[in-house]
Amino acid sequence: MTVRVLFYVAPGDWRDRVIRSATGSIYSHCEMVAPEERGHVVEVIGASKRDGNQVRMTRIDLSRGRWHQLEYPGDEIAAFQRVSGLLGQPYDTLGALLTVTPWARARPGLWFCSELVAHALGLPQPHTFSPGMLAAVTKKDIQKGTR
């Protein structure tokens with residue numbers, strides 16, 4: 001069983017450029033694919049500054065080449081259940097900014113994209129992950145519950 005995660009690689013806007021520059025990654029955003037979603041258009045869950053400043057579900061068209069898909073070991077239903085109860089919780093702009101500093105810290109009730117997905121995957125200290133750091137997590141890291 002695997003959990004599928006999408007990572008945004010399209011040029012995007014100034015926010016995407018800032019995130020990529022600050023994190024040294026080609027990725028600026030990530031979303032977790034909902035269980036059993038297949039095809040060119042999939043339902044995802046994520047935390048988005050652009051879509052209402054909150055944890056929300058949306059649909060993404062994969063045929064445009066804007067996303068890379070990575071698979072992680074795990075139960076996609078359990079991972080989805082871990083975060084679906086967080087729908088509607090606010091986006092954490094400050095938390096996202098702090099991931100590239102020594103002052104990264106959890107901010108209960110607030111989520112940014114890679115933190116939400118790292119939480120879904122069951123990784124420790126999910127608030128310390130940027131999209132690029134999450135993409136670098138290996139199968140071995142997930143099995144050990146470390147990075």
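The structure is a predicted model, in which local features need pLDDT of at least 70 and side-chain atom pairs count only at pLDDT 80 or more, while totals for chains, interfaces and linings use all residues. Residues are numbered from 1 along each chain as its sequence is written, and side-chain values use heavy atoms, with hydrogens and water left out.

**The sheet**

Please display the strands. Helices (H or I, at least four residues) and strands (E, at least two) are DSSP runs, numbered from the N terminus. Two strands pair if DSSP finds at least two bridges between them. The model contains an open sheet of 5 strands in the order β4-β3-β2-β1-β5, with antiparallel pairing. At its edges are β4 (54-61) and β5 (67-73), each of which pairs on one side only. From one strand to the next the twist averages 35 degrees. Such angles run from 0 to 180 degrees between N-to-C directions, the axes being lines fitted to C-alpha atoms, for helices over the stretch in contact.

Next, select β3. Of its 8 residues, 6 are buried (under 20% relative accessible area; exposed is over 50%, partly exposed in between, with a 1.4 Å probe and protein chains only). The strand is therefore largely enclosed by the rest of the structure. Its antiparallel pairing with β2 extends over 2 bridges. Methionine 32 has isoleucine 45 of β3 as its bridge partner, and valine 33 stands opposite valine 44 in β3. Valine 44 in turn has threonine 58 of β4 as a bridge partner. The antiparallel pairing of β3 and β4 covers 8 bridges. These two strands form a hairpin with 5 residues between them, and glycine 52 in the turn has a positive phi of about 90 degrees.

Turn now to α4. This helix lies across β1, β2, β3 and β4 and runs at about 35 degrees to β2. Because 7 of its 8 residues are buried, α4 is largely enclosed by the rest of the structure. Those buried residues are Cys113, Ser114, Glu115, Leu116, Val117, Ala118 and Ala120. They pack against β1, β2, β3, β4, α2 and α5.

A nonpolar core is a set of buried Ala, Val, Leu, Ile, Met, Phe, Trp, Tyr and Cys residues joined through side-chain atoms within 4.5 Å. The largest one here has 29 residues, and Phe7, Met32 and Leu134 have the most contacts inside it. At least two residues of this core come from each of β1 (2-8), β2 (30-33), β3 (41-48), α2 (76-84), α4 (113-120) and α5 (131-135). The largest share, 5 residues, is supplied by α4. Apart from this core lies another, of 8 residues, including Ala10, Val33, Val42 and Trp67.

Not counting residues up to four places away in sequence, leucine 134 is in contact (heavy atoms within 4.5 Å) with Phe7, Cys30, Tyr72, Ser114, Val117, Ala118, Leu121, Leu123 and Phe129.

**The loop between α4 and α5**

Histidine 127 is located in the loop between α4 and α5. At 11% relative accessibility, histidine 127 counts as buried. Leaving aside residues up to four places away in sequence, histidine 127 touches Thr99, Ala104, Arg105, Ala106, Phe112 and Glu115. Threonine 128 belongs to this loop between α4 and α5 and is buried, with a relative accessible area of 13%. The side chain of threonine 128 reaches the backbone oxygen of glutamine 125 at 2.7 Å.

**Salt bridges**

The final stop concerns charged side chains. A salt bridge is a side-chain nitrogen of Lys or Arg within 4 Å of a carboxyl oxygen of Asp or Glu; the whole structure has 8.

- Aspartate 16 and arginine 50 meet in a salt bridge (2.6 Å, N to O). Aspartate 16 is in helix α1 (residues 14-23) and arginine 50 in the loop between β3 and β4, 34 residues apart. Aspartate 16 is buried at 2% relative accessibility, whereas arginine 50 is partly exposed at 42%.
- Arginine 56 forms a salt bridge with aspartate 51, their closest N and O atoms being 3.1 Å apart.
- Aspartate 92 and arginine 107 meet in a salt bridge (2.7 Å, N to O). Aspartate 92 lies in the loop between α2 and α3 (93-98) and arginine 107 in the loop between α3 and α4, so the pair ties together parts 15 residues apart in sequence.

Lastly, select Asp13, Arg15, Asp16 and Arg50, which salt bridges with shared partners join into one network.

Methods: A polar contact is a pair of N or O atoms within 3.5 Å; within protein, one must be able to donate a hydrogen and the other to accept it, and residues adjacent in sequence count only if both atoms are side-chain atoms.
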